[in-house]
Amino acid sequence: DDGYRLWLGEGATTQARSGVEVRGESETLRLAADELRRNLPALSVPVVVARADDAALAGLRLDARSLGSEGYAVRRAQVAGREVLLVTGSVDVGVLYGAFALLRHINSGGDIANIDLASSPQTKLRILNHWDNLDGVVERGYSGQSLWDWWVLPDFKDPRYADYARANASIGINGTVLNNVNAKADSLTAPYIAKAAALADVFRLYGIRVYLSARFSAPIELGGLKTADPRDPAVAAWWKAKADEIYRAIPDFGGFLVKANSEGQPGPRDYGASHADGANMLAAAVKPHNGIVMWRAFVYADTDPEDRAKQAYTEFKPLDGSFADNVLVQVKNGAIDFQPREPFHPLFGAMPRTPLIAEFQITKEYLGFATHLAYLGPLFEEVLDAQTGVRRGETVASVVTGKADGHSLSGMAGVANIGRDRDWSGGTFNQANWYVFGRMAWDPSLSSEAIAREWAAQTFGNDPVVIDTVVAMMMRSREAVVDYTGPLGLAHLFATGHHYGPGPWVSDLARPEWNPVYYHRADRQGIGFDRTRTGSNAVAQYAPVLARRYADPKTTPPEELLWFHHLPWDYKMPAGNTLWEEMVRRYDRGVAEVDSMRSQWATLRPRIDAERWTKTDAFLGVQQREARWWRDASLAYWMSINGLPLPNGSAAPQHDLEWYRQQSFPFAPGNPK
Ligand code: BDP
């Protein structure tokens, strides 16, 4: 098994197929029926695929309201006088989602006796963000070149585009941003609009809309204007004409994603205008076509070098209430940058008058690239379940679904881990991260463990030993990465540029907040970033109950301790050991966890096909070596600063610090040029 089929069943090729009847003319309904014909084993009743408003369903009292927009229902019913298994939804794509839900149910061991599946998405926008460049290189991509073959589009549409759309539809993803947030204006030229339109034509049948990252200075680069100032009427007119041009080619174009005034990208602040001015000007251009703008809050420029973690809040919170009604502000899960663990971003809960779309990274820029096994479900879940402290019961999920503040626009964005590798994501377990993103964007209240289970069953088949073992490995895997890269709330300790491997010693980069030493602040006395009142006071960006909890190391969860506090090496931890001892214990625990994952995987050898088993085993071998490297390099560095010995029983680093500092990886993948 080369992994191409992802979590989508083998196809019931050798078994008898089910009789599937489709009512209505739509292409999407036909796709739903084909999916069931190919993949559903023979059932005792015929299957009927129909939209809820089909005449034959009158009397079943399935109205759009009870199904929810884009929702589905799968259940036994009497249709035209016959007992059938009905797959329905209020819109065509809802029916397709229902077909996939039925397959998921059957492929993870369910039967149809009392089947009653019904669900509708809790977010409106479930979007992949591709950081794909027009030359085919994927920024932070570890699974090959971009899937989009821009050069031969629109003439040649690779059949893989439909497979991509099908996989996304199977987990409810309904949007895709085709190009990198570090955007080239070229994406907005006529030839590239035609190429994007060709992709949109393929995706449309699967309910997926296309979006583009827009470079804010495009009116200058493409339009020959002297400025991109959003308050200049000529600039607004240029964008309006551009939007009209895009909508002529792609009538259901979703809208724009914008990274502005961040890491050197142009933006409204170049002209003294605000993020809201910029976003609203673009929003006006797409508004007549029902388009939206997703404006990213990932900013850190020259304003607040005192604490990078504070900047997005500082710039965006005052703008709450000033965005147009078709703008969402897109906020990363944490305030710095997709670290293995970060406290949730303080903007969640702080902008009640603005719909916020949560941005997660599916690709593992900071969690071991494609090679390390790190199931991100628990990371997503931890953030979504976090209480904002603003109101009783308000969680990040309730903000993101729009429920907390009554927004109808809502969504989750995931930076894709998809490339041209045969197995799409550079390794079987990375597919689970794509999968869990889609499932949680659909319903953030699903548990990461339940999702791991259904993924494992569909991916490896219904062998309980395989499922239990794989799920156990997955559920501990992300914590293992936290332990061996940066336990107790440490963050941003990665080597420069490519972010592959440890670089806690790096201190020579031009801007202070690019350097790991800026984040850990270790010295002879202690370690950690003081974000309380005696430091940057970033804690004050959280609601008062959380601000109080985070202000005191005693009430700060150990997992976030050094994110919020600078503490002496001999600080007493709740278990009675010192901070230093606890750090070492966690580094050791992370390494041991990877050893254990590898031996658990070894037990599955007779139960998993050779191709996927071997690749995963090799990757776990890499991870074992690299976990040790992270631990050893980090401890060698901390010891060079604190002068402390390792606790008894903890092995000395394999090499001296200098050896670790000398490692260099000029060809590490994914690094922006
Ligand atoms: C960082 C990546 C960088 C992205 C940036 C972003 O290192 O490549 O361009 O985020 O999200 O994580 O804009």
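Which residue, with a positive phi, follows helix 4? In this predicted model, the residue after helix 4 is G172, with a phi near 85 degrees.

Helix 4 itself is largely enclosed by the rest of the structure, because nine of its 11 residues are buried. The buried positions are R160, Y161, Y164, A165, R166, A167, N168, A169 and S170.

The loop between strand 6 (125–129) and helix 4 (160–170) contains V152. Together with W151 and F156, V152 makes a nonpolar surface patch of about 370 Å².

At the level of the whole chain, the domain assignment gives domain 1 (20–119), domain 2 (125–460) and domain 3 (485–529 + 566–662). The centres of domain 1 and domain 3, taken over C-alpha atoms, are separated by 49 Å.

In soluble globular proteins, nonpolar side chains tend to be buried together. The largest nonpolar core of the model holds 219 residues, and F203, W239, W434 and W638 have the most contacts inside it. Helix 19 (residues 610–642) gives the most to this core, contributing 12 residues. Beyond four places in sequence, W638 touches L490, L493, P504, H520, A522, I527, W569, W580, M583, Y587 and G643. Another core, of 13 residues, lies apart from the largest one and includes V48, A56, L62 and A73.

Technical notes
Residues numbered from 1 in each chain as written. Predicted model: local features only at pLDDT ≥ 70, side-chain atom pairs only at ≥ 80, totals over all residues. Heavy atoms only, no water. Patch = residues over 30% accessible without salt bridge, like charges linked within 9 Å, V, L, I, M, F, W, Y side chains within 5 Å. Areas by Shrake-Rupley, 256 points an atom, 1.4 Å probe, with all protein chains shown as cover. Salt bridge = Lys/Arg side-chain N within 4 Å of Asp/Glu carboxyl O. Helix = DSSP H or I, 4+ residues; strand = E, 2+ residues; numbered from the N terminus. Domains from an automatic or database assignment. Core = buried A, V, L, I, M, F, W, Y, C linked by side-chain atoms within 4.5 Å. Buried < 20%, exposed > 50% of the residue type's maximum accessible area, 1.4 Å probe, protein only. Contact = heavy atoms within 4.5 Å.
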